[in-house]
Structure formats: C-alpha cells, structure tokens
Amino acid sequence: MLSLNNIEVIYNDVILVLKGMSLEVPQGKIVALLGSNGAGKSTTLKAVSGLLKPEDGEVTDGSITFEGEDIHHLDAADIVRRGIFQVMEGRRVFEHLDVEQNLLAGSYTRSDRGQIKADIEAVYTYFPRLKERRRQESGYLSGGEQQMLAIGRAMMAKPKLIMLDEPSLGLAPLLVRDIFDIITRINKEQGTTILLVEQNARLALDAADYAYIMENGRIVLAGDPQQLKDNADVREFYLGLNEVGTRKSYRDVKHYKRRKRWLS
Amino acid sequence: MDKFIQLTLTGMTNGAILALVALGFVLIYKASDVINFAQGDFLMVGAYLAYAFIVQFGIIWPIGLLLTMAAAVVLGIVVERFILRPMIGEPIISVIMVTIGLSSVLRAVVSAIWGTTGRAFPSFLPDTPLNIAGAIIPADRLIALALVMVLLGMFMFFFRFSKEGIAMRATADDQQAALSMGISVKSVFAMAWSISAAVAALAGVIVANIVELNGAALAGFGLRVFPVVILGGMDSIPGAILGGLIIGLLEVYTAGYTSPSLGLASVVPFIVLILILMVKPYGLFGEIRIERV
Ligand SMILES: Nc1ncnc2c1ncn2[C@@H]1O[C@H](COP(=O)(O)OP(=O)(O)OP(=O)(O)O)[C@@H](O)[C@H]1O
Ligand SMILES: [Mg+2]
C-alpha cells in the first residue's frame, strides 16, 4: 500500500537525516517502526505526509508511492485527501478549540458533510471520555485525553492509512495499554492500515504484524514481531532484557560490536 | 436620563464600528501573526471605492456596495499574496515596517486619485431623527448599529460552526498541525486578509455615510483600533467586539459628562485600558498560552 524506496531527506540543505530509508506497509496491517531518539522516525513520517516543508526539510532522493502512485511531490492537503493521515508526535491538539471542534477540523478535507455527525458519534464510542468533555477547551484536557482526541481527529478524516508518532509518549502505563487496544480495534474494525512509530518496543511488537528497526537514518533490522522479540540485539537494546548469566565486561564488548555492526 | 440614552446609543454605534475594524485586525493577527498598521487604510480605500462606484459611475447603491466589498476582497488577497507572503519567516519588526509602508502607499494612491479635501458622501441610509425614550438619534446611526451587530453575530457563528471558520482558528493555534489535517494554510491567510479588508471597507462606508468622505479621518481610524484590541486581547474575536463597545462608550460618556476644556475624552479610555491591563495582562479575553505537558 505504502512503500518507501531508498529515500533520502535533507534539512536546511545540509543536514542529511534519512540515508536510503526503505519500508513497506501492506494494506490492512499494523506495521511498527522502532528506533532510538534521533534515528529519523518522525522524519520518515513527515516525508510521507508532506510535512517536511515547514521545517525546511526535503526528500532529495528515492521514491514514495501510495497505492501505486508517486506521492512525494504532492502537498500535505493532497496527501490527506488521498487517505494518509499523520498523528503528530506530542499530540498537537488545537488548544483553544473544544473537543468537538477539533474533531471537525479533522474532517476538513471530506466532501460528505452529511455523514460527519454520525462519525463524531462513532469516535465517541471508541473514546467515551471525549464525549463527556465535548465542549471543553482541549488545551485543558489531560495528556491521555489529548492523545485520544488526536487519534479521534485522525479517524474523522476517514483515512486508509493512519501514521501514529509515539502515541504512548508521556502517558501512564495503564493508559498506554488502553490506547494500544483502541489502535488495534481501529485496525480490525475499520480496516484502517496503521504505521506505528514507538519507543515502547514491547507494546509495539505486541500490537504489530510486522516491524522495522531503524538507526541513524536507515532500516537495520526487520521481521515479524516474534522473530524480533527473540533477537538478542532487540532484547538487549529495545526490550531491556539481559541474557542471563552474561558477565558485565563481556556484555560491554558485545554491545560495542553490535552497535558497530548496526551503524555501518 | 435622555442625555444618558443619547450618549449610550451614540457610544454603542461608534463602539460597534470600532469593533468591526478591530475584528479585521484581530483576524489577521490571529491567523498570520501580522500586526497590520494598514487596517485604517483599508477603511479609507473602501469608502473611496464605494464613492467611485456609486457617485462617479452612478451605479445604484446596493450593487455599488457589493462591488466595493468584492474589490476589497481582491485587494486583501493581492496584499497577502504579493506583499505579506514573501515576508513569512522574516522578523516581526520588518513585517510591521512593510504594513506601515503599505499604509503610506494606499494613502498616496487615494489622494492622487481623489485629492485630499473632504467630499459629501451619498447618504443611502436615511438620517431622519428618531425619538427614542426622549433621546434624539438620527436613523442612520441606529441602522449602522443594527447592521454591525448582525455582522458581528454572523462572525461569531462563522468561527464557531463553519468548516472554514474552525480551520482558521485551528491554523491560528498550530500551523503545522493544521497542515496535517489537510487545511491549506495559504488559503487561510488569504481568507483572513480578504475578510478583513472587506469588513474594513464596509466600516469605511458606514463611517463616511455618517460623517463625510475624508481620507485622513478614515485612515486615522486605524490607530483607534489599538486600544480596542489591547483591551480585548489581540487574538480574541469576542474581545475585539467587547473592547470596541467599551472604548466607544467610554469616549462618549467622558465627552458628554466632563467639560470639553479638560480634553478628557481621549485620555480616559487609556486610563481604563492601563487599569485593566494591570489585572489582566493579556487583555479581557486574550488567549492565555496554555501550559501543560
Ligand atoms: N527541522 C529540523 N531541522 C534540522 N534537523 C532536524 C529537524 N528535525 C529533525 N532533525 C534531526 O533529524 C534527526 C532525526 O530526527 P527525528 O525527529 O526524525 O528523530 P526521531 O527518530 O523521531 O526521534 P525521537 O524518538 O526523539 O522523536 C535528528 O538528529 C534531528 O536532530
Ligand atoms: Mg520523533
């Protein structure tokens, strides 16, 4: 459905951030994209959604296709119209609009205006808490409620693909689990394809059908989640598990070697 | 008592017109962070365009008025596209200088075409005096008041319920997030400038209708907008409306109840302004930057 082939992204004409990034998102699946801070995950999503321009970033090489068509020259509004919606990192709700107005803003590109009331109600069935707060200015919602709103707002656009950038950021563990449950439900019930960027590798691997791990602007590892969970590197660097009985000094050496292999 | 009603109605009319001009100013500031020093000049251009259409070309006034509004919309779009958009990302002070420059250019063009002396404006609103609870008010002022109130109501509705109005407020809140909704930030800017110019043009016609067609006086209206928007909050639409009414009333009450030799009418509003800002630094309705993580 979505495929990135060897893309290169440069900020401010000099800072090379993505260096031959490739990735496939098949229709109807949940694909996780993991990686440490600064790996280029958000940049990857913005390259797809056309949001690099306001940050002075540019796709300088490679291609991005969605449903077989090249989209990387389109502007953000056209990309939303084609059915790709990015939920940006840090929630980014419109603080001075109330909950319902935020949802309406999400439906901006739709032409079937008559259907919108029903869809707002549908969003409320996923997030009953938002319904209770429908007239509240969203700047005063809790972090979790704002994340729900950000996801609900994406649903209002009726996209084929939702790209979520760190939906667990700054939320309590219990709430993170709720949010992940809802993401899986949206995928199953609405048939929405999902590209999920996460730091919380454990949860992301549980939810995903396929996962990529990126470092330093390119993919270093990919596979189905179970495979990755069993991979020693992933266990150590992303799930925080040590192999039992390994001595510390020995581990440090291995750590160095693995890092090196990944970065080269 | 008659005097009080008289002053209240006059103050409300003045205030409502001020509110209309302030609203245009707030729209531009909210959407694009530009402080538009040429707002008053939009008023002037509007009034002169109406004069040209209605008096000089002899078009009947309802159509002349529509043409004026349409021309103002075009002016707003042109100004945004060719003057302000290239300035995106430049320091605020440069952008302010550009709007001041725009103001001088508009004044120069108007005085080159129509000269600088005042002219009688066709009064399409009847100015028959009406007796309201003992106060004598010309009908055109009341009609103007009603007209402005209807317009302000329409704006409140537009920003609360319409798709484009919500998109404009969303853009004011977070441009990049608005972009991620598929909202075209460029068209939101263009819309803010064109609505603002059209509203100012209408205000210009109303003022010219009540007073006379005088370029300097109309352009001077632009400066009177500042106490209004500072009082109401630079980025608040209800604030612009309430701020306009408060300043309008204060001016008229002070002029009516104090000796003119004291010259208090233009000072008292500023004193009240300072007092209010001491309590509410963002203005009465200014948007507080919401801090939460
Ligand atoms: N607007 C920008 N201008 C210049 N450099 C940028 C810009 N945005 C990101 N970068 C750089 O690009 C690299 C990747 O950033 P990106 O935000 O994509 O990382 P990330 O994987 O999303 O990290 P995190 O997990 O911390 O969100 C970083 O080194 C960052 O400093
Ligand atoms: Mg990121």
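How many nonpolar, polar and charged residues does the shell around ligand 1 have? By class, this shell holds 4 nonpolar, 8 polar and 4 charged residues, where Ala, Val, Leu, Ile, Met, Phe, Trp, Tyr, Cys and Pro count as nonpolar, Asp, Glu, Lys and Arg as charged, and the others, Gly among them, as polar. The model is a predicted one, with local features needing pLDDT of at least 70 and side-chain atom pairs pLDDT 80 or more, while totals for chains, interfaces and linings use all residues. Residues are numbered from 1 along each chain, chains are lettered from A and ligands numbered from 1 in the order written, and side-chain values use heavy atoms, leaving out hydrogens and water.

Of the 16 residues around ligand 1, Asn37(A), Lys41(A), Ser42(A), Thr43(A) and Gln199(A) come nearest; a residue is near if one of its heavy atoms lies within 4 Å. Helix α1(A) gives the largest share of the shell, 3 residues.

A polar backbone atom of Gly38(A) is 2.9 Å from an oxygen atom of ligand 1.

Ser42(A) turns up again at the magnesium ion (ligand 2), whose protein donors (N, O and S atoms within 2.8 Å of the metal, or 3.2 Å for Na, K and Ca) are Ser42(A) (OG) and Glu89(A) (OE), 1.9 to 2.2 Å away. Ser42(A) is buried, at 16% relative accessible area, whereas Glu89(A) is partly exposed, at 33%; buried means under 20%, exposed over 50% and partly exposed in between (1.4 Å probe, protein chains only).

How values were computed. A polar contact is a pair of N or O atoms within 3.5 Å; within protein, one must be able to donate a hydrogen and the other to accept it, and residues adjacent in sequence count only if both atoms are side-chain atoms. Helices (H or I, at least four residues) and strands (E, at least two) are DSSP runs, numbered from the N terminus.
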